[in-house]
Structures are given as structure tokens and as C-alpha cells.
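Hello,

Here is the structure for you to look through. Open it first, then read my notes below.

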Amino acid sequence: MKKIDLITGFLGAGKTTFIRRYAQYLMNKGVRVGILENDYGAVNVDVMLLQDLEGDGCGVEAVAGGCCADCHRRRFKTKLIALGMADYDRVLIEPSGIFDVDEFFDSLCEPPLDSWYEIGSVIAVAEADLGELSGQSEYLLLSQVASAGRVVLSKTQNASPGQIQGTIDRLNAAAERFGCARRFGGDVIAKPWDELDDADFEDIMNSGYRAESFTKQLDTEGYQSVYFMERSFTEAELRDTVARIFADEGCGRVFRIKGFFSDGGWKELNATRAETSVTPIKTGQEIIIVIGEELNEEAIKAYF
């Protein structure tokens with residue numbers, strides 16, 4: 001049976017960056033890897049960041065949202081069937097930051113997936129310094145880390161030891177709030193990703209998953225995304241626009257702004273309330289996506 005891993009985490013936590021490192025580790029071991037990007041919204045942006053991994057040892061597939069939940073689940077299962085029929089040793093799934101982890105477990109209990117796949121590990125990525133979260137988003141975060149064999153903290157190089165411990169304390173407080181018996185500590189990896197070595201990835205790969213219960217209250221209706229395609233920006237213009245949107249409470253609770261633009265070459269934008277990064281990439285398309293909770297679409301459009 002094929003091993004299948006779920007790499008989950010909230011919006012902007014760094015799941016795609018982690019998958020790049022994890023997939024490369026697996027390929028270095030001679031493991032043939034299939035990656036399924038399961039993005040939120042009608043356009044899958046993160047899959048473009050993994051295209052350079054594609055080759056004899058790795059394949060990348062995508063499922064985009066923008067449809068009803070039942071339709072999305074059917075697309076998700078169809079892609080898993082296709083990956084199950086392909087010649088991969090291990091499949092990695094990166095869902096969106098707005099994802100009910102039960103969908104992963106439920107899908108693997110259905111035929112023919114139940115006879116093709118064996119769950120390897122559930123890996124949760126969380127920012128080392130969590131910002132302010134609504135009650136619904138705090139629940140969503142807890143639901144993603146509850147079943148993880150390992151919680152891998154991102155951006156630890158920008159966080160103090162006190163902030164890192166504060167994040168672990170918040171995970172434990174969220175677990176208590178939502179009736180989850182699990183408590184986090186030694187199962188949290190708080191190490192700069194540039195320092196992760198083969199022993200760390202071996203531990204992550206074999207970390208498995210936990211069967212935890214908690215009070216279910218997932219409601220994704222409050223989360224939206226707003227798209228802007230074929231718009232031209234300079235990097236300075238886009239950085240200024242992003243900062244103004246995050247600062248404007250009238251735009252709603254914006255979690256992440258991401259996408260691609262061309263300014264002397266293609267560049268990737270990845271912005272959260274805490275950090276905005278711009279990285280040169282080989283190819284892209286002009287698209288910017290704003291993702292958040294209770295968004296005011298008209299207010300956001302005014303900035304573009």
C-alpha cells in the first residue's frame with residue numbers, strides 16, 4: 001500500500017515551503033513522490049511554486065475550490081484515485097489553510113482508496129508567533145494540529161524563545177477550550193528550517209498521527225477570497241497596497257495576500273499580517289489573491 005502524508009496548517013503558515021524541503025528529502029532517499037495541492041478558492045496558486053520539483057521522481061497535481069463542498073470532495077477523491085494508480089511510493093497532500101482534516105480521514109476510508117493507501121504521518125505547520133486569531137480561526141488551527149504526529153513551527157528565526165513558548169501555550173489553551181485532551185510539548189519542532197537535517201525529517205516522516213476528539217464547530221462560510229488577475233504592479237506599489245489593506249479594518253479580517261506579478265522578472269508575493277516577502281521565480285502569471293474572514297470585497301477592490 002502507498003503511504004500518504006497530510007501536511008496541514010493555517011493560512012500563511014508555510015506549508016508549501018515545508019513541502020518543498022520534505023519532498024526533496026524523500027527524493028534524495030530514492031522515494032518517488034506524488035504531491036496533491038488542495039487549495040482554497042477557484043485558482044490554485046501554490047501549485048505553481050512546486051512545478052520545478054516535477055520530474056522522474058516527483059509529480060504534482062492540483063485541486064482548486066470555488067465550488068460546493070460536495071463537488072470539491074469528489075474532485076479531491078478523483079485526484080487521489082489518479083495518484084493511487086500512478087507509480088509513486090509516497091503521496092503528500094497539502095490542503096488549504098481552511099480545511100476540515102476529517103475530510104482527509106473520511107476519504108481514505110472509502111473504496112478504492114482504503115485498499116490503496118496507508119496513512120503515514122499527519123504533519124502540522126504553525127507559525128512560531130501566532131498573531132491575533134478569531135475564535136473560529138483558533139478552532140480551525142486546533143483541528144489541524146490535534147491529529148498531527150509532529151507540529152513544525154515556521155519562522156522560528158524571527159521569534160523569541162518566549163514567543164515560541166507562547167505559541168505552544170496557545171495550542172494547549174485551544175485544546176482545552178475545545179475539549180481536546182491532547183497537550184503539546186515534545187512533539188513540537190521549533191528549529192529554523194535551514195537547520196533541519198536528515199534525522200529531523202526521518203523523525204517527521206515516521207511521526208504518524210493521533211486519534212484525538214474535540215468539539216466540532218467548523219464553519220468555513222465566513223472565509224472568502226478575492227482575486228485580481230492581469231493587473232500590473234511594481235514591487236514598491238504592491239508592498240504599499242498590501243500594508244494598507246492589512247491596516248484597514250474596513251477590509252475585514254485579512255489573513256493572507258499571495259500571488260505573482262512581473263516587475264523586471266516574475267516574482268512571488270506572500271504576505272501575512274506579520275511579514276511580507278517577495279521572491280524571484282522562473283515563471284508566473286499576474287494574479288493576486290486576498291484571503292480572510294468576513295472580507296469586504298468592495299473595500300479591497302478600491303485598493304487595486
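A residue counts as exposed when its relative accessible area is over 50%, and as buried when that area is under 20%. Keep those two cut-offs at hand. Please remember that this is a predicted model.

**Cysteines**

Is Cys 109 buried or exposed? Its relative accessible area is 59%, so Cys 109 is exposed. Cys 58 has a relative accessible area of 3%, so Cys 58 is buried.

How many disulfides does a search of the whole structure find? The search finds 0. A disulfide is a covalent bond between the sulfur atoms of two cysteines. For Cys 109, the closest cysteine sulfur belongs to Cys 180. That sulfur is 19 Å away, so it is too far for a bond.

**Nonpolar cores**

The largest nonpolar core has 51 residues. Ile 4, Leu 80, Ile 93, Phe 104 and Val 151 have the most contacts inside it. Take Phe 104. Setting aside neighbours within four places in sequence, Phe 104 is in contact with Ile 4, Leu 6, Phe 76, Ile 93, Phe 99, Ile 119 and Val 122. Another core, of 25 residues, lies apart from the largest one. Its members include Val 33, Leu 53, Ile 123 and Val 152.

Phe 104 also belongs to the buried part of helix H3.

**Helix H1**

H1 runs over residues 15-28, which makes 14 residues. From first C-alpha to last, H1 reaches 20 Å, close to the 20 Å expected at 1.5 Å a residue. Gly 30 follows H1, and its phi is positive, near 90 degrees.

The buried residues of H1 include Phe 18, Ile 19, Tyr 22 and Leu 26. Thr 16 is also in H1. Its relative accessibility is 7%, so Thr 16 counts as buried. Thr 16 and Glu 94 are 78 residues apart in sequence, but their C-alpha atoms are 7.4 Å apart in space.

**H1 and H7**

Two packed helices are described by the angle between their axes and the distance between the axes. Helix H7 covers residues 198-205. The axes of H1 and H7 come within 11 Å and cross at roughly 100 degrees. Angles of 65 to 115 degrees count as roughly perpendicular. H1 and H7 are therefore roughly perpendicular to each other.

Which residues meet there? H1 brings Phe 18, Arg 21, Tyr 22, Tyr 25 and Leu 26. H7 brings Asp 198, Phe 201, Glu 202, Ile 204 and Met 205.

Best wishes

Notes
Residues numbered from 1 in each chain as written. Predicted model: local features only at pLDDT ≥ 70, side-chain atom pairs only at ≥ 80, totals over all residues. Heavy atoms only, no water. Disulfide = S-S within 2.5 Å. Buried < 20%, exposed > 50% of the residue type's maximum accessible area, 1.4 Å probe, protein only. Core = buried A, V, L, I, M, F, W, Y, C linked by side-chain atoms within 4.5 Å. Contact = heavy atoms within 4.5 Å. Helix = DSSP H or I, 4+ residues; strand = E, 2+ residues; numbered from the N terminus. Expected span 1.5 Å × (residues − 1). Axes fitted to C-alpha atoms, helices over the stretch in contact; angles between N-to-C directions. Parallel < 35°, antiparallel > 145°, perpendicular 65-115°, else oblique.
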